[in-house]
Amino acid sequence: MSIRVLLVDDEQLIRAGLRAIVASEPDLEVVGEAADGAEVPGLVSRFRPDVVLMDVRMPSVDGIRATTHLMATLADPPKVIVVTTFENDDYVYDALLAGASGFLLKRARPEEIVAAIRTVASGESLLFPAAIRRLAAQQASRGAQDGLADAGLTEREREVLRLMAAGLSNVEIAGELYLGVQTVKTHVGNILAKLGARDRTQAVIKAYDTGFVTPAG
């Protein structure tokens with residue numbers, strides 16, 4: 001089955017470029033477009049996309065507000081990738097806190113855009129972990145010694161979360177800890193449930209934000 005993608009950007013030229021890139025892949029399908037975040041709820045309800053490419057800055061309703069609305073109102077919201085001009089934009093970290101699964105730069109190469117869509121759609125690895133660590137270094141709390149002490153994570157789950165934050169996929173974590181991939185998936189699911197995170201990006205952001213892991217490792 002194709003991965004269904006919704007494009008949201010106030011610049012028509014950007015949307016046209018993204019459409020051409022996405023539509024050229026046999027496993028990806030553009031199901032709709034919007035020029036502002038205000039249009040997103042209706043289009044998501046109508047087209048049920050798997051992934052939304054969301055411009056972070058738009059004139060009426062920006063990508064953060066649109067993402068927050070989707071996460072708050074839908075039981076099973078689509079994955080959101082925010083699209084931005086500047087990697088160190090404060091809006092990007094705010095969007096990740098709001099529920100976005102990752103971000104792309106507008107100057108990203110076509111192959112990076114396609115890989116990003118597939119990565120967040122699968123949910124089994126973290127999109128651009130090095131970039132998220134850099135954002136965490138600028139934004140996240142660094143004073144706490146164990147900000148997740150009350151989350152009830154087992155020692156194994158804590159190990160898995162640290163490896164998730166390092167950017168390892170489920171397969172890579174399985175190899176690192178000598179576990180089966182299905183066992184890792186179970187641990188990841190338990191971590192998300194205990195942290196109240198909808199995906200691994202949200203779990204990793206929470207781990208950084210509480211000081212459980214630090215950008216330096």
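## Helix 5 and its neighbours

The buried residues of helix 5 pack against strand 1, helix 1, strand 2, strand 3, strand 4 (79-84) and strand 5. Those buried residues are I113, V114, A116, I117, T119 and V120. This is a predicted model.

Helix 5 has 13 residues. Its first and last C-alpha atoms are 19 Å apart, close to the 18 Å expected at 1.5 Å a residue. G123 follows helix 5. The phi of G123 is positive, near 70°.

Strand 1 and strand 2 pair in the parallel sense over 6 bridges. L7 has its bridge partner in strand 2, namely E33.

## Helix 1

Helix 1 covers residues 12-23. Its 12 residues should span 16 Å at 1.5 Å a residue, and its end C-alpha atoms are 16 Å apart, so expectation and model agree.

Four residues of this helix matter for the next step: R15, L18, I21 and V22 are buried. Seen down the axis of helix 1, the buried residues fall within an arc of 130°, so they line one face of the helix. The general rule behind such a pattern is that an α-helix has 3.6 residues a turn, so residues three or four places apart point the same way.

What does the buried side of helix 1 pack against? The partners are strand 1 (3-8), strand 2 (28-34), strand 3 (51-55) and helix 5 (110-122). The face turned away from the buried side of helix 1 carries the exposed residues Q12 and L13.

## Q202 in helix 10

Q202 sits in helix 10 (residues 200-209). Is Q202 buried or exposed? Its relative accessibility is 11%, so Q202 counts as buried; the cut-off for buried is under 20%.

Leaving out residues up to four places away in sequence, Q202 touches L96, L97, G99, A100, S101 and A197. With L96 there is also a polar approach: a polar atom of the Q202 side chain lies 3.2 Å from the backbone oxygen of L96.

Notes: Residues are numbered from 1 along each chain as its sequence is written. This is a predicted model: local features need pLDDT of at least 70, side-chain atom pairs count only at pLDDT 80 or more; totals for chains, interfaces and linings use all residues. Side-chain values use heavy atoms; hydrogens and water are left out. Helices (H or I, at least four residues) and strands (E, at least two) are DSSP runs, numbered from the N terminus. The expected span of a helix is 1.5 Å times one less than its number of residues. Buried means under 20% relative accessible area, exposed over 50%, partly exposed in between (1.4 Å probe, protein chains only). The arc is that of the directions from the helix axis to the C-beta atoms. Contact means heavy atoms within 4.5 Å. Two strands pair if DSSP finds at least two bridges between them. A polar contact is a pair of N or O atoms within 3.5 Å; within protein, one must be able to donate a hydrogen and the other to accept it, and residues adjacent in sequence count only if both atoms are side-chain atoms.
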